[in-house]
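Open your viewer and keep the selection tool ready. We will go stop by stop.

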Amino acid sequence: MLYPLARTALFALDPEVAHYVALHSLKKLNKLNLSGFIGSQLSAPVKVMGLDFDNPVGLAAGLDKNGEYIDALAALGFGFIEVGTVTPRPQPGNPKPRMFRLKDEEALINRLGFNNGGLDSFVANVKRAKYQGVLGLNIGKNFDTPNENAVDDYVTCLRGVYPFASYVTVNISSPNTKGLRDLQAAEQLQNLLSTLKGEQAKLAKKHKKHVPLVLKIAPDLDLKAIREIAALTLENDFEGIIATNTTISRDAVRDHPLAKETGGLSGKPLFSPSTEVLRELAKALKGNLPIIGVGGILSGADAKAKMNAGASLVQIYTGFIYRGPDLIRDAVRAIQSTSSSRKK
């Protein structure tokens, strides 16, 4: 009930300013033990990748890039939290303005560009968090690291976050770091996945725990690329795939005044293309690997549709900005109803 009023105030601000005002406000409320007035935990346990999730609805990476707000966000009722993307070195991201709100379309365009405080700061923030649930840590490469050396950045980040992660997401699908999506091509992807898998084995032995590796892919992939990615993730024993990141397509918003702004489009217009990639990916994987469905979830019905398309878990981000914490509960209940009907 409170969120529509808060959203009106936040939407009067520049989108990036509103982003940080909202996060800082949540953090203050959490310190005052008032988060319960905004959200509450729904129990709908599920086991995926060997991990026990409180419920199947998580927060996607990107909202909390530096891991500064983990406890405040967790208090809203998410079944799991993913933070990042982190890069080895701090970087400011792309020039402002770099975030645009398409209100009527319930969408955002962002070209933030992995703006973050770097690995050391990120790990320090994660270590300070008291959250005991499933925590995904999302890793990437610095903007000025050439693709031929990208694997070194991912290895550096994996080593840094491994002891503190429930799972690690390898982000090769942001459209806002030049050339990053080229890493999805078969030859480069094989090198990246095999190297990280080898590093995972060393780290598991060192830290005496196994942390699943998950690959995050783009929605702007043809069927051939989807099938190649599915084959390579299986071949390299990755534990999951996140489908999908934001889209560079403007087909659904081509007449909007902001359509020519570069960056990734998220929210309602992303739902159909991301769900189609999810569906084709599920066919290619044949149930051999779990998929986390993300992209355009703005209702419980949307979350249910992702599950029906082949997801084992879902994540929200832009929908959360437009709908608030009620979306978490709506999504959990819709997924629960799907599970109940399947059992009958």
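## The second largest cavity

The residues lining the second largest cavity split into four nonpolar, four polar and three charged. Keep in mind that this model is predicted. To see the lining, select His19, Tyr20, Leu23, Gly62, Leu63, Asp64, Lys65, Asn66, Glu68, Tyr69 and Asn115. The space inside is about 60 Å³. A search of the whole structure finds three cavities of 30 Å³ or more.

## The largest cavity

Next, select Ala61, Asn110, Asn245, Thr246 and Tyr317. These residues lie nearest the centre of the largest cavity. About 400 Å³ of space lies inside the largest cavity.

Which elements supply at least two residues each to this lining? Colour strand 4, strand 6, strand 11 (264-267), strand 13 (313-316) and helix 10 to see them. By class, the lining of the largest cavity has eleven nonpolar, 19 polar and two charged residues.

Asn110 sits in strand 6, which covers residues 107-110. Is Asn110 buried or exposed? Its relative accessible area is 16%, under the 20% cut-off, so Asn110 counts as buried. Now show its contacts. Leaving out residues up to four places away in sequence, Asn110 touches Arg98, Met99, Asn176, Thr246, Gly263 and Gly264.

## Along strand 4

Select Ile81, which is in strand 4. Ile81 is buried, and its relative accessible area is 0%. What does Ile81 touch, not counting residues up to four places away in sequence? Its contacts are Leu59, Leu73, Ala74, Tyr131, Val134, Leu135 and Gly136.

Ile81 and Gly133 are 52 residues apart along the chain. Their C-alpha atoms are separated by 7.9 Å.

Move on to Thr85, also in strand 4. Zoom in on the peptide bond between Gly84 and Thr85. This bond is cis, with omega about 20 degrees.

Now go to Lys96 and Pro97. The peptide bond from Lys96 to Pro97 is cis too, with omega near 0 degrees. Pro97 lies in the loop between strand 4 and strand 5 (99-102).

## Helix 5

Select residues 150-161. This is helix 5, with twelve residues. From first C-alpha to last, helix 5 reaches 17 Å, close to the 16 Å expected at 1.5 Å a residue.

How many of its twelve residues are buried? Nine are, and helix 5 is mostly covered. Highlight the buried ones: Ala150, Val151, Asp153, Tyr154, Val155, Cys157, Leu158, Gly160 and Val161.

Then show what covers these residues. The cover includes strand 4 (80-86), helix 4 (119-128) and strand 7 (134-139). It also includes strand 8 (167-171), helix 6 (186-207) and strand 9 (213-217).

## The second largest pocket

Select Lys27, Glu68, Asp71, Arg128 and Ala129. Of the 13 residues that line the second largest pocket, these are the closest to its centre. The pocket holds about 300 Å³ of space. Helix 2 (15-31), helix 3 (70-74) and helix 4 each supply at least two lining residues. The lining of this pocket has four nonpolar, three polar and six charged residues.

## An aromatic pair

A search of the whole structure finds three aromatic pairs. For one of them, select Phe11 and Tyr322. Their rings are edge-to-face, 5.3 Å centre to centre, with 85 degrees between the planes. The pair links distant parts of the chain, as the two residues are 311 residues apart. Phe11 is in the loop between helix 1 (3-10) and helix 2. Tyr322 is in helix 10 (residues 318-323). Phe11 and Tyr322 are both buried.

## Two positive phi angles

Last, check two backbone angles. Select Met49, in the loop between strand 1 (46-48) and strand 2 (51-53). Met49 is not a glycine, yet its phi is positive, near 55 degrees. At a relative accessible area of 18%, Met49 is buried.

Finish at Lys286, in the loop between helix 8 (271-285) and strand 12 (291-294). Lys286 has a positive phi of about 55 degrees, although it is not a glycine. Is Lys286 buried or exposed? Its relative accessibility is 69%, over the 50% cut-off, so Lys286 counts as exposed.

Note on methods
Residues are numbered from 1 along each chain as its sequence is written. This is a predicted model: local features need pLDDT of at least 70, side-chain atom pairs count only at pLDDT 80 or more; totals for chains, interfaces and linings use all residues. Side-chain values use heavy atoms; hydrogens and water are left out. Helices (H or I, at least four residues) and strands (E, at least two) are DSSP runs, numbered from the N terminus. Buried means under 20% relative accessible area, exposed over 50%, partly exposed in between (1.4 Å probe, protein chains only). Contact means heavy atoms within 4.5 Å. The expected span of a helix is 1.5 Å times one less than its number of residues. On a 1 Å grid over the protein atoms alone, a cavity is a set of points where a 1.4 Å probe fits but cannot get out, and a pocket is an open set with protein on both sides within 12 Å along at least five of seven lines; lining residues have an atom within 4 Å of a point. Grid points are joined across faces, edges and corners, and a volume is the space filled by probe spheres set on the points. Ala, Val, Leu, Ile, Met, Phe, Trp, Tyr, Cys and Pro count as nonpolar, Asp, Glu, Lys and Arg as charged, and the others, Gly among them, as polar. Rings of Phe, Tyr and Trp (its six-membered ring) pair if their centres lie within 6.5 Å; planes under 30 degrees apart count as stacked, over 60 as edge-to-face and the rest as tilted.
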